[in-house]
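Let's walk through this structure together, one friendly question at a time.

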Amino acid sequence: MNYSSPDRSALVQFQNVTKTYDGEHIVIKGLDLEISKGEFLTLLGPSGSGKSTCLMMLAGFGTPTSGDILLNGKSIKNIPPYKRNFGMVFQNYALFPHMTIQENVAFPLLMRKMSKAKAMKKAEESLDMVQLQQFIKRKPAQLSGGQQQRVAVARALVFDPELVLMDEPLGALDKQLRETMQMEIKHIHENLGITIIYVTHDQSEALTMSDRVAVFSDGIIQQIDNPEVLYEAPINSFVASFIGENNHMNGVVIALEGKHCQVKLEDGTNIDAIPINVQSIGDPTTLSIRPERVLLNPEPNQCANAVKAKVLEQIYLGDHNRFRIRLGQNEEFMIKLPNNDAIARIREGDDITVGWQAEHCRALDRI
Amino acid sequence: MNFIWRWFFRLFCLAVFIYLIFPILVIIPMSFSSASFLTFPPPGYSLRWYEQFLNDQDWLDAAKNSISIAVVTTILATTLGVLASMGLVRGNFRGKAILTAFIVSPMVAPLIIAAAGMYFIYSKLSMVETFMGMVLAHTVLATPFVVVTISATLQSFDRSLENAAASLGANPVTTFFKVTLPIITPGIVSGALFAFVTSFDEVVIALFISGIEYRTLPVKMFEGIRFEINPTITVVATFLIVLSTGFLALMEYLRRRGEAMRGVKS
């Protein structure tokens with residue numbers, strides 16, 4: 001996403017934003033990003049990748065070292081956080097411990113000079129919507145983690161903010177509750193049509209919830225696109241290995257023509273692939289292939305690549321099976337096959353042939 | 001073997017209790033004595049020394065002095081302590097460690113030296129035997145206790161609550177009064193109680209600076225013990241014991257309430 005053609009419907013624009021705390025280590029490097037109204041955008045990346053810094057600058061808890069952040073075309077760089085009118089949900093919920101949950105939700109309304117009676121009424125209604133009406137007189141410490149998170153979401157939405165920022169809001173919840181809350185937040189987004197910027201390091205959460213995902217690493221956006229494109233068509237090795245699971249094979253490009261290339265692996269095997277991140281013959285490359293794209297014992301001519309392999313380990317998972325196989329020198333090659341009678345007969349130590357289509361095998365930058 | 005150790009342990013605890021607590025508790029029955037001199041156990045019980053205390057203008061003046069000096073000291077030390085703690089915990093500047101050590105140094109400096117130094121300086125400034133002199137001297141002693149107590153509270157304070165308040169539209173001043181202050185109040189109150197007790201119980205500096213007019217209860221007691229062994233002292237001592245115990249209980253209550261508020265199980 002470059003800021004070459006300004007989009008009129010963009011709600012937020014990051015323009016060449018750079019951030020450094022100490023003048024040496026650069027946390028965000030020349031970030032350009034546009035966020036449209038009504039969008040659910042997730043900033044995804046490992047810790048230290050710059051995603052949280054990016055969110056905090058948008059919230060106003062940090063200023064860009066250079067560059068600018070625009071809201072509706074106007075710079076908000078010098079507007080303090082309390083004048084930005086953004087709702088924010090924090091990882092640890094950040095509910096005020098000395099107030100009841102009703103007072104917590106009424107707080108932003110009182111700050112906007114609403115009368116106490118009206119604010120308390122509206123807070124009650126909004127807690128009604130998240131099924132917490134029977135707890136409104138309780139203090140946050142008397143609620144479970146999931147209930148506290150719902151209060152935090154209600155508090156961030158009650159004043160109809162222009163933008164809602166969520167900083168790893170589900171990080172402290174257990175897996176099952178996290179999945180329930182993911183759906184709840186997604187439905188809130190769909191029903192209210194609000195703009196949400198969501199930060200997480202959990203790639204499955206990002207894929208489940210978002211319209212678009214920006215994958216951060218080393219202070220830059222590696223790729224930004226919708227979940228399907230990110231998963232099916234990663235543009236570099238970082239994205240390929242960060243989103244979902246991938247098998248890697250190192251080799252050198254020996255033929256390159258249009259949308260096809262041939263790569264010679266370290267053990268001498270030749271593989272057909274599509275060139276993504278390679279420029280010329282002789283380039284070192286890492287091939288990337290998803291475990292579920294690998295076929296077992298393909299018919300001759302069914303796919304471009306067919307390679308001999310040996311089963312090292314079988315993992316039974318009910319609806320599907322996973323096999324760790326040796327392919328060339330790679331002993332960590334994983335394949336994923338649906339459970340059926342033929343698959344059930346495979347044993348550890350069996351010699352097999354695996355194959356895949358050239359278009360599922362992407363020649364990326366060398367790891 | 002285990003059995004012996006257990007009994008040894010109990011005996012040891014009992015010895016500690018007798019040596020530390022008993023000498024203090026012994027004062028209480030003595031204050032209800034009917035005898036006209038200090039004796040234990042009392043030959044009989046009466047309220048005559050309480051009556052004596054309440055009818056002696058000297059004692060009442062001393063009590064009034066002690067209370068008013070302690071109250072003003074508490075207000076000053078708590079205000080200074082809150083501001084200093086905010087700066088020391090939140091601030092990020094060079095020489096922070098040295099400044100912290102400087103502020104808490106009255107806690108470790110030998111009192112008699114501080115007292116002599118203050119007497120010397122205050123007499124140059126004509127502040128000896130003045131109310132303000134007493135208050136300022138006690139504030140110097142009490143502030144470190146406030147700083148230590150409130151710093152501990154601030155360190156465990158979750159700053160994301162302030163960010164949350166800001167994101168919800170509260171400016172920094174509103175955030176301080178609506179969010180930060182209510183949450184650190186238990187810490188401030190225990191700091192204030194420490195400051196009050198520090199001033200109320202202080203005798204060394206008071207001996208130097210208070211003079212006749214601003215003589216405090218501990219000074220009067222000290223003189224009483226030296227010049228006239230009078231059971232009225234045990235009455236005052238009983239009041240002080242009850243007061244200190246009450247304050248300690250209040251601090252413990254506030255600590256538990258603070259924890260309950262943060263959802264910590266005690």
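Q: What makes β17(A) and β18(A) a hairpin, and which turn residue has a positive phi?
A: 2 residues lie between the two strands, and in that turn A:Gly328 has a positive phi of about 65 degrees. This is a predicted model, in which local features need pLDDT of at least 70, side-chain atom pairs count only at pLDDT 80 or more, and totals for chains, interfaces and linings use all residues. Residues are numbered from 1 along each chain as its sequence is written, chains are lettered from A and ligands numbered from 1 in the order in which they are written, and side-chain values use heavy atoms, leaving out hydrogens and water.

Q: How do you know that β17 and β18 of chain A pair?
A: Two strands pair if DSSP finds at least two bridges between them. Strand β17 (residues 320-327) and strand β18 (residues 330-338) of chain A have 7 bridges, in the antiparallel sense, so they meet that definition. Within the pair, A:Ile325 stands opposite A:Phe333.

Q: What makes a run of residues count as a helix or a strand, and how many does chain A have?
A: Both are DSSP runs numbered from the N terminus: helices are H or I with at least four residues, strands are E with at least two. Chain A comes to 9 helices and 20 strands.

Q: Where does UniProt place the feature "transmembrane region" in chain B?
A: The unreviewed UniProt entry lists several spans, including residues 101-122 and 232-254; such annotations may be inferred rather than shown by experiment. In the model, residues 101-122 of chain B are 73% helix and 0% strand, with end C-alpha atoms 24 Å apart. Residues 232-254 of chain B are 100% helix and 0% strand, with end C-alpha atoms 33 Å apart.
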